[in-house]
Amino acid sequence: MKLIQAASAIALAAATTTAFAWYAAPYQPVAPTADQHKAFIEQQQAMMEQHDKAMREAFEAQRRFAEQQLAWADQNRPAWPAFPERPAMPEFGQYPEAPEFPEMPEFGQFPAMPESLDARRKEMDAYREQAKQRIEEHREAMKQWSEERRAQHPTRHIGEPLSRAFPERPYPMMPQHQAQAPAASSAQTR
């Protein structure tokens with residue numbers, strides 16, 4: 001037993017020492033030699049050149065693709081309508097001529113409404129009246145339905161027994177009440 005404990009203690013000490021040596025040792029960077037530094041710089045420059053070349057090729061491929069798409073669109077697009085030429089810009093200090101506006105109506109007069117707008121207004125007024133009538137009919141039907149429902153199911157007050165909602169059965173049908181039940185129902189039917 002003591003031998004096992006001693007071996008275990010030695011193994012634990014060895015593991016602890018190794019772990020401490022591995023994890024607790026301070027990092028000491030190794031200074032590169034001049035040749036290593038030169039090789040590193042050359043490697044970085046080669047990588048930058050490759051990256052630059054790849055980017056140029058990607059941009060060129062993107063440009064060619066865009067040109068192909070524009071050429072295809074030009075071939076398949078119908079002819080655009082010709083736009084009128086814009087008038088020349090006025091010289092500094094000159095103003096363009098304003099368009100002619102209709103005459104202003106006299107005070108209290110309104111301009112005549114086009115017939116189509118007047119007809120549309122009448123159509124909208126008629127629709128509005130029909131909608132009001134449908135709403136009123138629906139409101140009356142809901143009110144009547146609510147009143148009928150209230151008459152069928154009178155409201156209960158807090159503490160009132162549930163049996164009030166069922167007047168034909170004033171008490172549950174328990175064995176002791178079965179003999180009384182037919183007499184009570186026959187008295188109600190007379």
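This is a predicted model: local features need pLDDT of at least 70, side-chain atom pairs count only at pLDDT 80 or more; totals for chains, interfaces and linings use all residues.
K122 is exposed, its relative accessible area being 56%. The cut-off for exposed is over 50%, so K122, at 56%, falls in that class.

The side chain of K122 forms a salt bridge with that of D118, with an N to O distance of 3.8 Å. D118 is partly exposed, with a relative accessibility of 24%. Both residues belong to helix α3, which spans residues 115-152. Because D118 and K122 are 4 residues apart in helix α3, about one helical turn separates them.

## Elements and confidence

The chain contains 4 helices and 0 strands. Read from the N terminus, the order of the elements is α-α-α-α.

Mean pLDDT over the chain is 79, and 77% of the residues reach at least 70. Among the elements, the highest mean pLDDT, 92, belongs to helix α2 (residues 34-76). The lowest, 49, belongs to helix α4 (residues 181-189).

## Surface

Of the 190 residues in the chain, 2% are buried.

The whole structure holds 9 salt bridges. One of the pairs is E60 with R64, whose closest N and O atoms are 3.9 Å apart. The salt-bridge limit is within 4 Å, so the E60 and R64 pair, at 3.9 Å, is counted.

E60 and R64 lie 4 residues apart in helix α2, so about one helical turn separates them. E60 is partly exposed, with a relative accessible area of 30%. R64 is also partly exposed, at 42% relative accessibility. Partly exposed covers the range between the buried limit, under 20%, and the exposed limit, over 50%.

E136 is partly exposed, its relative accessible area being 40%.

A network is also present elsewhere in the chain: E60, R63, R64 and E67 are joined into one by salt bridges that share partners. The pair E60 and R64, at 3.9 Å between the closest N and O atoms, is itself a salt bridge.

Definitions and conventions. Residues are numbered from 1 along each chain as its sequence is written. Side-chain values use heavy atoms; hydrogens and water are left out. pLDDT is the predictor's confidence in each residue, from 0 to 100. Helices (H or I, at least four residues) and strands (E, at least two) are DSSP runs, numbered from the N terminus. Buried means under 20% relative accessible area, exposed over 50%, partly exposed in between (1.4 Å probe, protein chains only).
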